Amino acid sequence: MAHRLRPVGVEFAGTAPVRLVFGREMSAAPEAVFRALAEDVTGWPRWFGSVTLARPLDGGAGREIRLRGGARFRETVLVAQAPEVYAYRVDVTNVPGVRAMAEEWRLAPAGAGTRVRWTMAADGTAPFRLALRAARPGLGQAFRSAVTSLDGRLAG
C-alpha cells in the first residue's frame with residue numbers, strides 16, 4: 001500500500017536521522033555523469049541494477065522509480081544544478097515504515113574524471129531506521145556496481 005511521506009528539502013541530506021553516504025571516482029567527466037543522472041532518467045535501469053523502471057514525470061520535475069523486489073517511489077526533483085548536484089525527495093512509496101526520504105548525488109572534478117558522492121537520507125520508524133542501517137553494505141555494493149557500470153557505458 002502506497003503512503004505519502006513528509007516533504008523535505010535538499011538540506012535533509014545533511015540532517016536526516018539516517019544518512020548513508022557512499023563515494024567513488026569515475027573516469028567520465030562531471031558533465032557526462034550529470035546528463036546520465038538528471039537528463040536521461042529512463043536510462044537508469046541500463047546501469048543501476050536495482051532499478052527496473054525510471055521515468056520522468058511532470059516535465060522532468062518528478063520521477064517514478066521501481067526497484068527489484070517491488071519497491072515503488074514517486075519523487076520530486078529538488079535540485080538539478082549541472083554538473084554539480086542532482087537531488088530528489090520521495091513523496092509517495094510502498095516501503096513500510098519510512099516517513100521522509102531524499103537522495104543527493106554530488107559530482108566534483110577528480111583529475112579528468114568525476115568524484116561521485118551519493119547520500120541516502122531517511123527518517124522513519126525505529127524498525128525502518130534499523131533495517132536501513134543494516135542494509136548499508138548491500139546499498140554500498142549496489143552503488144559501486146552502478147557507478148562502475150555507468151562509467152563503462154559513458155566510456156563506450
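Glu64 has Arg74 in strand 5 as its bridge partner. Strands, like helices, are DSSP runs numbered from the N terminus, with at least two residues (E) for a strand and at least four (H or I) for a helix. Strand 4 and strand 5 pair in the antiparallel sense over five bridges, where pairing requires that DSSP finds at least two bridges between two strands. The two strands form a hairpin with four residues between them, and in this hairpin Gly69 takes a positive phi near 95°.

## How the model is described

This is a predicted model, in which local features need pLDDT of at least 70 and side-chain atom pairs count only at pLDDT 80 or more, while totals for chains, interfaces and linings use all residues. Residues are numbered from 1 along each chain as its sequence is written, and side-chain values use heavy atoms, with hydrogens and water left out.

The loop between strand 5 and strand 6 holds Pro83, which is joined to Ala82 by a cis peptide bond with omega of about -15°.

Most residues other than glycine have a negative phi, and most peptide bonds are trans. Asp58, although it is not a glycine, has a positive phi of about 55°. Asp58 sits in the loop between strand 3 (51-57) and strand 4. Is Asp58 buried or exposed? Asp58 counts as exposed because its relative accessible area is 57%, given that exposed means over 50%, buried means under 20% and partly exposed lies in between (1.4 Å probe, protein chains only).

## The largest pocket

About 500 Å³ of space lies in the largest pocket. A pocket is defined on a 1 Å grid over the protein atoms alone, as an open set of points where a 1.4 Å probe fits, with protein on both sides within 12 Å along at least five of seven lines, and its lining residues have an atom within 4 Å of a point. The volume is the space filled by probe spheres set on the points, which are joined across faces, edges and corners.

The lining of the largest pocket has 27 residues, and those that lie nearest its centre are Leu67, Phe73, Glu103, Met120 and Leu139. The elements that give two or more residues to this lining are strand 4 (62-67), strand 5 (72-81), strand 6 (85-93), strand 7 (98-110), strand 8 (113-124), helix 4 (126-134) and helix 5 (136-155). The lining divides into 20 nonpolar, three polar and four charged residues; here Ala, Val, Leu, Ile, Met, Phe, Trp, Tyr, Cys and Pro count as nonpolar, Asp, Glu, Lys and Arg as charged, and the others, Gly among them, as polar.

## Nonpolar cores and Phe48

In soluble globular proteins, nonpolar side chains tend to be buried together. A nonpolar core is a set of buried Ala, Val, Leu, Ile, Met, Phe, Trp, Tyr and Cys residues joined through side-chain atoms within 4.5 Å. The largest nonpolar core has 40 residues, and those with the most contacts inside it are Trp44, Phe48, Tyr86 and Trp105. Helix 5 gives the most to this core, with six residues. A second, separate core has six residues, including Phe12, Ala16, Ala100 and Ala102.

Phe48 is found in the loop between helix 3 (44-47) and strand 3, and Phe48 counts as buried because its relative accessible area is 7%. Leaving aside its neighbours within four places in sequence, Phe48 is in contact with Trp105, Trp118, Ala142 and Ala146, where contact means heavy atoms within 4.5 Å.

## Other covered and uncovered places

Helix 2 (residues 30-39) is mostly covered, with seven of its 10 residues buried, among them Pro30, Val33, Phe34 and Leu37. Asp123, in strand 8, also counts as buried, because its relative accessibility is 14%. Apart from neighbours within four places in sequence, the residues in contact with Asp123 include Arg6, Phe12, Gly97, Phe128 and Arg129.

Ala131 belongs to helix 4 and counts as partly exposed because its relative accessibility is 45%. Although Ala131 and Gly97 are 34 residues apart in sequence, they are 9.9 Å apart in space, C-alpha to C-alpha. Val95, in the loop between strand 6 and strand 7, is 93 residues from Ala2 in sequence and 7.5 Å from Ala2 in space, C-alpha to C-alpha.
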